[in-house]
Amino acid sequence: MSRLIATRAIRGAHKLVARAEKELKQEIEEKGPQTKVEFPNTGYYLPISYGILGLKIETIGGLNELLEEAKKLLPPIPDEKLWLPFLGHTLDAGMATLFADEIIEAIKYTQDPLPYLSEPNPRDEHLWLGAANDVILRERGIEFVDGTAPGFAVCVGYCPTNEIAVKIARELQEKNLYVFMAAATEGKSMAQQLQEEGIQMGWETRLVPYGDDVTACIHSLGFSTRVALSFGGAQPGDYRKILHYNKNRVFAFILALGPVDDEKHAQAAGAINYGFPTIADTDIDQILPTGICTYEHVVSPVSHDKIVSKAIEVRGLKITITKVPIPVPFGPAFQGERIRKEDMCVEMAGQTKPGFEYLTTKKLDEVEDGKIEVIGPEIDEIEEGSKIPLAIWIEVAGREMQPDFEPILERQIHDFINCTNGVFHMGQRDINWVRISKEAKQKGFKFKHFGSILHAKLHGEYGKIFDKVQIKIFTQEKDILDLIGTARKVYKKRDERLADMTDESTDTYYSCTLCQSFAPNHVCIITPERSGLCGAYNWLDGKAAYNINPTGPNQPVKKGKVIDAVKGQWQDVNEFIYNNSHKTLEIFNAYSIIEHPMTSCGCFECICCVLPSTNGVMIVFRDYIGMTPVGMKFSTLAGMVGGGAQTPGFIGHSKQYIGSAKFISANGGAKRIVWMDRALKEEMEPVIRKIGNQEGIENFFDMIADDTNAVTEEEVLEYITKKNHLALSLPALF
Ligand code: SF4
């Protein structure tokens, strides 16, 4: 910590304590020690001395005791040559400052006329409100407890222009923060700037002008002390509890605007005791190590366009957006909504156009919270009925964010967008598919609203682990093709993290019921060797998701007693499935396609099904639009397999599962694959060749038929017979 900032804060405390002493002496001489002193209509006496020291000061003479406490705390001003650990001294000086502030402000209440207006809102001729009464405390303080108002910003000084003052005030209001204004500098204050601009101030608009004196800052901390006493169960004199309560529950900070003199440094030191950091727009010394505050204590210089977001970040404040700001209804009730072709205004990505969804972590200074860009045509620039590409690229930043959380947050895109009335979303990663209805467009829904939804909902549900999020919506093919490779590399890396883990190496799997909005009885059981059938969640993701949200859709599932090791059936897994499928499924086999296979929702990357005459199975990827050997296109097959029912002979699964040693292992495993669509087969070539090597089958890749050489089951049989495919010599499938 810098000696300079400590010196300035300690020097400021000395000045304020000396001022308090002088004014108190004068007041006692003029009015007598028995003169009553109080803040208006409060049962909390003078709240700092009552809360921190347990003092019930009711007379001017009683302020002497507080003055003595302030003097006791005052540390010596640091010596030019002597280097000491300064933080403890600075904190003491800060507390002495608060005591001195309270003495000076209390004396003001003995003056006639009162310098403050004791009403909730200022008048044109009377700007300053001073200490809030207990009615305001009860009405407003509860908002700090129930989260309606996460905290407050104490704006000290003034902005270079009125326009900047208004912008900062509005930005703080948008985040539901109270704006407490105090301490004019050179006769100028932010509250006066807002007044000049005709901005409505007062407790009702959360823009509260406390006073132009630097000591009026105390009304902010007096308010938060009373919140701790009133709502936090703290007892008067239990300063530890009051300070901890404020650090942990009241997300406040100081914005130091304009020049910062010694007295203002001293206020900052006082606020640090409460865990409230200071962010300055001028180049003052910083206190960067964490300790008393959650993160840094003093940060500077920060530009005016970044000062609010920086303060939110440094204070560790989590933003919640209560209403999703879009022009159509939003809520879980719309999650199962389908958009029929004739009602559709636009289809995005899906089987015919490229698309993907990707979430990545960036540094804090690389993300501007709430920034949404549409790169490419907006909805009103395209023809009704069009099919266009779509990529959703999300960048998040936060001190608690970890790359392991990326897939979990990314997978929420499906759930969040589906809550929108008139929008249908299916799939994930590079198999996303979206439809927007004509009605939603008529109501004003635009592509940029994908960003609004994701910004609001990600903050709302995952704000604990990140601080900022910005979203890019791409609607031009070229951009999407340029970026898709980056996303695919990351998907691959995520999938590879589990390479060495087996199902036997753990006694706990993870469930996923995220897709119950579409398929109410569906439960994915995610094991190390079988990822969720959408391909977006593997066992590690399930584990991380449970850690983020222990009551969410990913729960640990103990395996319990093994019922059948070959089919992959465990007693406790069966019980879990029963309880979480609305008691519709009693038995689940993880490794069988024939007997009690896993259910499918609709998000599967692939469908695998038995081709009876070949004694094998075929696999089709969801992008394949042609006919398959089972006599159905993917869309028809998906309708039959999806919905959350067990369909013997059919399973939905991820691409990754094809390379797993547990791929339908109860039925002979990957050796049974006799047909794949060509694109999938080519993509999976290294995996298929590896399977061939492991099984000792030469040219396994060439033995598998595909749509270039076989489209009907008969043609597949003919092809594999020619190739002498191993499936033909395996035991009968059923
Ligand atoms: S397919 Fe399974 S793992 Fe993927 S989101 Fe749906 S329920 Fe979860």
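Thr-614 touches Val-674, Glu-713, Val-716, Leu-717, Ile-720, Ala-727 and Leu-728, not counting residues up to four places away in sequence. Contact here means heavy atoms within 4.5 Å. The model is predicted: local features need pLDDT of at least 70, side-chain atom pairs count only at pLDDT 80 or more, and totals for chains, interfaces and linings use all residues. Residues are numbered from 1 along each chain as its sequence is written, and side-chain values use heavy atoms, with hydrogens and water left out.

Thr-614 is found in the loop between strand 20 (606-611) and strand 21 (616-621). Helices (H or I, at least four residues) and strands (E, at least two) are DSSP runs, numbered from the N terminus. Thr-614 is buried, with a relative accessible area of 0%. The term buried means under 20% relative accessible area, exposed means over 50%, and partly exposed lies in between (1.4 Å probe, protein chains only). The side chain of Thr-614 also makes polar contacts. It reaches the backbone oxygen of Leu-611 at 2.7 Å. A polar atom of this side chain lies 3.0 Å from the backbone nitrogen of Gly-616. A polar contact is a pair of N or O atoms within 3.5 Å; within protein, one must be able to donate a hydrogen and the other to accept it, and residues adjacent in sequence count only if both atoms are side-chain atoms. Thr-614 and Lys-472 are 142 residues apart in sequence; their C-alpha atoms are 47 Å apart in space.

Thr-225 is buried, with a relative accessible area of 0%. Leaving aside neighbours within four places in sequence, Thr-225 is in contact with Pro-47, Ile-48, Gly-51, Ile-242, Asn-246 and Tyr-274.

Helix 8 (residues 218-231) also meets helix 5 (residues 134-146): their axes come within 10 Å and cross at roughly 80 degrees. Helix 5 is therefore roughly perpendicular to helix 8. Axes are lines fitted to C-alpha atoms, for helices over the stretch in contact, and angles run from 0 to 180 degrees between N-to-C directions. Angles under 35 degrees count as roughly parallel, over 145 as roughly antiparallel, 65 to 115 as roughly perpendicular and the rest as oblique. Residues of helix 5 in this contact include Leu-137, Ile-142 and Phe-144; among their counterparts in helix 8 are Phe-223, Val-227 and Phe-231. By class, the contact of helix 5 with helix 8 has seven nonpolar, two polar and four charged residues. Ala, Val, Leu, Ile, Met, Phe, Trp, Tyr, Cys and Pro count as nonpolar, Asp, Glu, Lys and Arg as charged, and the others, Gly among them, as polar.

Another helix pair is formed by helix 6 (residues 162-174) and helix 11 (residues 307-315), whose axes come within 9 Å and cross at roughly 40 degrees. That makes helix 6 oblique to helix 11. Ile-168, Glu-171 and Leu-172 in helix 6 meet Ile-307, Val-308 and Ser-309 in helix 11. Four of these residues are nonpolar, one is polar and one is charged.

Turning to the sheets, six strands form an open sheet in the order 3-2-1-4-5-6, with parallel pairing. Strand 3 (207-211) and strand 6 (298-299) stand at the edges, each with a single partner strand, so one side of each is left without a neighbour in the sheet. Two strands pair if DSSP finds at least two bridges between them. Strand 2 (residues 178-182) runs parallel to strand 3, joined by four bridges. Phe-180 stands opposite Val-208 in strand 3. Helix 10 (residues 262-273) lies across strand 1 (152-157), strand 4 (253-257), strand 5 (278-280) and strand 6, and runs at about 165 degrees to strand 4.

An open sheet of four strands has the order 8-11-14-9, with mixed pairing. Its edge strands are strand 8 (355-361) and strand 9 (372-375), each pairing on one side only. Strand 9 and strand 14 (residues 468-474) pair in the parallel sense over four bridges. Here Ile-372 stands opposite Ile-471 in strand 14.

Strand 13 (residues 433-437) is mostly covered, with four of its five residues buried. Strand 7 (residues 344-349) runs antiparallel to strand 13, joined by five bridges. Strand 12 (residues 423-426) also runs antiparallel to strand 13, with four bridges.
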